[in-house]
Each structure stands twice: as C-alpha cells, then as structure tokens.
Amino acid sequence: MKLRTQAAPDHLHNPVAIVGAGPAGLMLSHLLHLQGVESVVLEKQSRSEVESTVRAGILEQGTIDLLRKTGVGERLDREAEIDEGISVSIAGDSHRIDFAKYTGKQVAVYPQHEVLIDLIAQRLSDDGEIWFNTEVTAIDDHETDNPKVHYQAADGTSGVLSADFVIGADGSKSLTRKLITGAGGLRMKHEYPFAWFGIMVNAPQTAPELIYATHPAGFALISTRSEHVQRYYLQCDPEDTPDMWSDERIWEQLHLRADSDAVTVSEGEITDKAVLCFRSAVTDPMQRGRLFIAGDAAHTVPPTGAKCLNLAMADICALAPRLAHAVKKSDTSALDDYSKLALPRVWKTQHFSSWMSSMLHSVPGADQMSTQFQTNRRLAELSTVVTTDAGRQLLAQQYVGWDFPSIDSF
Ligand code: PHB
C-alpha cells in the first residue's frame, strides 16, 4: 500500500489533478480509476484530520447505490443504520414521513468521515495517489491544454504538477472556485437569520428514526451516530458561541423542543459543542477551460436535510464518465455539458434545503404582528405538508434524493 504524505518531484505529469480529498475528490479519483484513468489527489490536511472531522451523516439512496456499485459499500452495509422514514414534530405533535411508502427508497445514517475512511482505504489499496499535508497554492494555464498546479507540502517542499485536467474539490473556502468567479463566473448567495448549535453525546438512541422538531422556542434535530453516540442540534443565533450553551440550557431546550408523548430525548455526557452556520451559495458555471469544480467548492447548502455530501456525489457522477472519455479519447466535447447537467440538481437541492429550513425554524422579528403572521403561515405550510399524502410525498421524494446521473454512459 502506497501512502504518499509528501509531494513528488517537480513537473510530474498526470491526466487528472484533483484538489481536495473530501467526498467529491475521493469519489472522482475512485471512479476514474475504475475507468482506467489515474489521478493525483492533493489534500492540505493530514489523513487523520480528514478521517476524523465531524460532518453530517445522511446518505441518499443514490449515494448508497453508488458506494455499493463501485465496491466501497461493504462497511456501510455492515454498520450503517438504514432508515425508511423521519418524524416531523410540531410542538410535540409527531408526524411520520414514510419514505418506503412514498418512494420505495431509504436513507442510510452513516457519517461523512466514515465514507471518507472507506474511500481512502480503497484508493490506497488500488495504489492510488493521495498526497496528504500538501496545500495547493496556485493553479495556472487552466485555459490551455496543459494546466499547472503549484503546491507546498507541510515539510516545506514545493513543486509544480502538470495535468490534462484540474478538478477543484477543495471545499467551501475553495481556492479553485476563485479562478471561475474571478473570470466572470457568478456566485449567487443567501444568508439565513439562524444557525445550529450541534452537540455529540454519549447516550442511547432517543428514537429509531430522526426527529425534526419545530417549537415556538426554535428548531431541534435528533439524529444519531451509533447505538451509543447521538448527534443533536438546536436552532441558535448565528452570533452564538458554544460557551453560551451550558449543559443545563442544552438539556432544558432539547426536552422543551423535541420531547413528545412518544419520545424523551436521551441525555448523556456531551463530548463536542459547535455552532454551524447556515448559508446557500451556487457558482455558475462550474467550469473554466480545463478546470472543473465540484461539491462544496461549487455550492453550499444549509445543513437541514444533510445534502452536502450527496450533492457532491451527484456532481461527480456527472463529471467522471465525461472526464474519463476526454482523457481516453482526447475529446472534451462531452465535458462542456458538465455545468448544464449538474446545475439543475444543485438548484433543486438548494430549494429543498432552504424550504425545509424555512418551514422548521422560527424567525424572530421586530414587529410582533408581522412575526406572528409569518409564524402562523409557516406552521400552516408545514401542517399542509405533513398531513397530506401529496405533501408527505413531495418531502419524501426530495429527502431520499433524485436519481443520480448514470456513471456508465452519457
Ligand atoms: C446529522 O446527523 O448530522 C444530520 C442529520 C440530518 C440532517 C442534518 C444533519 O438533516
């Protein structure tokens, strides 16, 4: 097994250079390998940082199918909890959304870092190149046939990699995206007046399925990591810091917002506290010359519905077969469709994450009657969705996710 943690000699040439070893970068490298195309992944963090960073944990049916089909679903099948529905609780009144009934599909509760552990293990056992601790400092010539990637390793060595194509999968603070937005690409954004305070807890599972709870005091989400480790979120102010949330306040608010006749939030030792910001952003186009961006580098969705990783995987299903064809046949025409193909799904997912967020969160305002109007309208919308077949089906369909682009043909 080859584990590169250091940069290679200068001016190496590769068909594909991938910036970032997150879901998009690693899955792309894996799919290209299955098509006989090799790549180098450059990642500024260490392997252990990548494998331990806490992120969301819901895999759409399309992601589950992709992992299984491409030989990286074995541990998922052994360890992940498979859910066929969620509960939506409105001030303690619980409504189940049955995914199996409305869509015939399921979701898996399997945290992002577990997917990354599986993909890294697979790439390394396939002799794939992942250069950890290697930061990309600049990219140039991406509007020619021979782009260059400048990098610097943690040990101080630096170099230049030349490639036929460069893929920016370098997350929401992406350097690669700036080469697109700096050359006239659009970056459309939306901010939300709330955030999530997330905790990790050593406690038994509260309920067999996730609970999305709305309450006059704010939103709460009851999610899980394993039989003994739970993930809970509370709506908070975007300016909040973890020290403003004592354990006592956390438990009081979780019980207030999420307990119901059927469920009492299970308590335990809190091992992690963090504030997660809410933001939406889309970059259009997702290509400039021979540079393509994917995943969070291209778009950010708010965390409600846990779509980030799934959207990254769908981008890669659109990109990988076209990129493999371009490398093998020296024909880039199909690659020019990438943005057009990926963006409609990005917008549908933006809509879903933003719709779920707006239906579930309370927004305080200065004018009391106007705030009350907004709250009552919001609750009427949520009630329409969770108490009608048409509404439940619409929510279920989007939660389990749209079909992925085919990785076999285009
Ligand atoms: C999570 O478990 O982190 C999670 C689950 C569902 C969401 C968001 C986050 O909608």
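Let me begin with the shell around the ligand, whose residues divide into nine nonpolar, four polar and two charged. Please keep in mind throughout that what we are looking at is a predicted model. In this model 15 residues surround the ligand, and the closest are Y212, S223, R225, Y233 and G305.

How much of the ligand's own accessible area does the protein cover? On its own the ligand has 280 Å² of accessible area, and the protein covers 99% of that. As for where the shell comes from, the elements that give two or more residues to it are β15, residues 220-224, and β16.

A pair of aromatic rings is described by the distance of the centres and the angle of the planes, and the structure holds 15 aromatic pairs. Take W196 and F278, whose ring centres are 5.4 Å apart and whose planes stand at 65°; because an angle over 60 degrees counts as edge-to-face, this pair is given that label. The pair links distant parts of the chain, since W196 sits in strand β13, residues 195-202, while F278 is in the loop between β17 (269-276) and β18 (279-284), 82 residues apart. Are these two residues buried or exposed? W196 has a relative accessibility of 2% and so counts as buried, and F278 is buried too, with a relative accessible area of 3%.

A second pair to look at is Y232 with W251, where the ring centres are 6.2 Å apart and the planes stand at 85°, so this pair is also edge-to-face. Here the link runs between strand β16, residues 229-236, which holds Y232, and helix α8, residues 247-258, which holds W251, with 19 residues separating them. Y232 counts as buried at 0% relative accessibility, and W251 is buried with a relative accessible area of 10%.

Which residues do ring pairs link into a cluster? The members are F99, Y192, F194, W196, Y212, F219, Y233, F278, F352, W355 and Y399.

The charged end of R249 sits over the ring of W245, 3.6 Å from its centre, and K348 lies over the face of W402, at 4.1 Å from the ring centre.

Let me now return to strand β16, this time for Q235, which has its place there. Q235 counts as buried, because its relative accessibility is 9% and the limit for that word is under 20%. The side chain of Q235 reaches the backbone oxygen of S362 at 2.7 Å. In strand β17 we find V275, which is partly exposed with a relative accessible area of 28%. V275 is 42 residues from Y233 in sequence, and in space their C-alpha atoms are 9.2 Å apart.

A297 and T283 are 14 residues apart in sequence and 8.5 Å apart in space, C-alpha to C-alpha.

The backbone also has some details worth checking by eye. A cis peptide bond joins D284 and P285, with omega about 5°, and P285 lies in the loop between β18 and β19, residues 287-288. N133 is not a glycine, yet it has a positive phi of about 55°; N133 lies in the loop between β8 (129-131) and β9 (134-140), where it is partly exposed, with a relative accessible area of 23%. D141, in the loop between β9 and β10 (148-153), also has a positive phi, near 60°, and D141 counts as partly exposed at 36% relative accessibility.

Definitions and conventions:
Residues are numbered from 1 along each chain as its sequence is written. This is a predicted model: local features need pLDDT of at least 70, side-chain atom pairs count only at pLDDT 80 or more; totals for chains, interfaces and linings use all residues. Side-chain values use heavy atoms; hydrogens and water are left out. Rings of Phe, Tyr and Trp (its six-membered ring) pair if their centres lie within 6.5 Å; planes under 30 degrees apart count as stacked, over 60 as edge-to-face and the rest as tilted. Helices (H or I, at least four residues) and strands (E, at least two) are DSSP runs, numbered from the N terminus. Buried means under 20% relative accessible area, exposed over 50%, partly exposed in between (1.4 Å probe, protein chains only). A charge sits over a ring if NZ of Lys or CZ of Arg is within 6 Å of the ring centre and within 35 degrees of the ring normal. A residue is near a molecule or strand if one of its heavy atoms lies within 4 Å of it. Accessible areas come from the Shrake-Rupley method with a 1.4 Å probe; for residues, only the protein chains shown count as cover. Ala, Val, Leu, Ile, Met, Phe, Trp, Tyr, Cys and Pro count as nonpolar, Asp, Glu, Lys and Arg as charged, and the others, Gly among them, as polar. A polar contact is a pair of N or O atoms within 3.5 Å; within protein, one must be able to donate a hydrogen and the other to accept it, and residues adjacent in sequence count only if both atoms are side-chain atoms.
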